[in-house]
Amino acid sequence: MNILVINCGSSSIKFQLLDMAAEIALASGLLERIGEGSGRLSLHWTESGIQDARQSDEDVANHATGMARIFL
């Protein structure tokens, strides 16, 4: 079973996708500076045992836009 944990703050969204059977984090990330004109999305994930990461800077007007951006 996989569980998605989301923590929304006033100007950020943190998230983590957990594989409960293996007791590991499959992915995690942080979207910060929501509504401030210069947001930053940082993603970290593991696929087939290989870890990878990506970061992008973009304007994120609100939390709804932020959640949509995370799930792209």
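What follows is a run of questions and answers about this predicted model.

Q: How many salt bridges does the structure hold?
A: There are 2 salt bridges in it.

Q: What makes the pairing of Arg 40 and Asp 57 a salt bridge?
A: Their side chains meet at 2.8 Å, N to O. The cut-off is within 4 Å, from a side-chain nitrogen of Lys or Arg to a carboxyl oxygen of Asp or Glu, so the Arg 40 and Asp 57 pair qualifies.

Q: Where do the two partners, Arg 40 and Asp 57, sit in the chain?
A: Arg 40 belongs to strand S4 (residues 39-47), while Asp 57 belongs to strand S5 (residues 50-58). They are 17 residues apart, and the pair links distant parts of the chain.

Q: Why does Arg 40 count as partly exposed?
A: Arg 40 comes out at 25% relative accessibility. Buried means under 20% and exposed means over 50%; Arg 40 falls in between, so it is partly exposed.

Q: How do you know that Arg 69 and Glu 58 form a salt bridge?
A: The N to O distance between their side chains is 2.6 Å. The limit is within 4 Å, so this pair passes too.

Q: What does the pair of Arg 69 and Glu 58 tie together?
A: Arg 69 lies in helix H1 (residues 63-70) and Glu 58 in strand S5, so parts 11 residues apart in sequence are tied together.

Q: Which residues does Arg 69 touch, leaving aside neighbours within four places in sequence?
A: Arg 69 is in contact with Leu 41, Ser 56 and Glu 58.

Q: Why is Glu 58 described as partly exposed?
A: Glu 58 has a relative accessible area of 22%. Since under 20% would be buried and over 50% exposed, Glu 58 is partly exposed.

Q: What makes Val 60 buried?
A: Val 60, in the loop between S5 and H1, has 2% relative accessibility. Buried means under 20%, so Val 60 counts as buried.

Q: Which residues is Val 60 in contact with, setting aside neighbours within four places in sequence?
A: Its contacts are Leu 31, Ile 34, Gly 35, Thr 65 and Gly 66.

Q: Why is Glu 23 called exposed?
A: At 72% relative accessibility, Glu 23 clears the cut-off of over 50%, so it counts as exposed.

Q: Why is Arg 33 partly exposed?
A: Arg 33, in the loop between S3 and S4, has a relative accessible area of 28%. That lies between the 20% and 50% cut-offs, so partly exposed is the label. Arg 33 also has a positive phi of about 65°, although it is not a glycine.

Q: Which residues form the nonpolar patch on the surface?
A: Met 1, Ile 3, Val 5 and Met 20 form it, with about 390 Å² of accessible area together.

Methods. Residues numbered from 1 in each chain as written. Predicted model: local features only at pLDDT ≥ 70, side-chain atom pairs only at ≥ 80, totals over all residues. Heavy atoms only, no water. Helix = DSSP H or I, 4+ residues; strand = E, 2+ residues; numbered from the N terminus. Buried < 20%, exposed > 50% of the residue type's maximum accessible area, 1.4 Å probe, protein only. Contact = heavy atoms within 4.5 Å. Patch = residues over 30% accessible without salt bridge, like charges linked within 9 Å, V, L, I, M, F, W, Y side chains within 5 Å. Areas by Shrake-Rupley, 256 points an atom, 1.4 Å probe, with all protein chains shown as cover.
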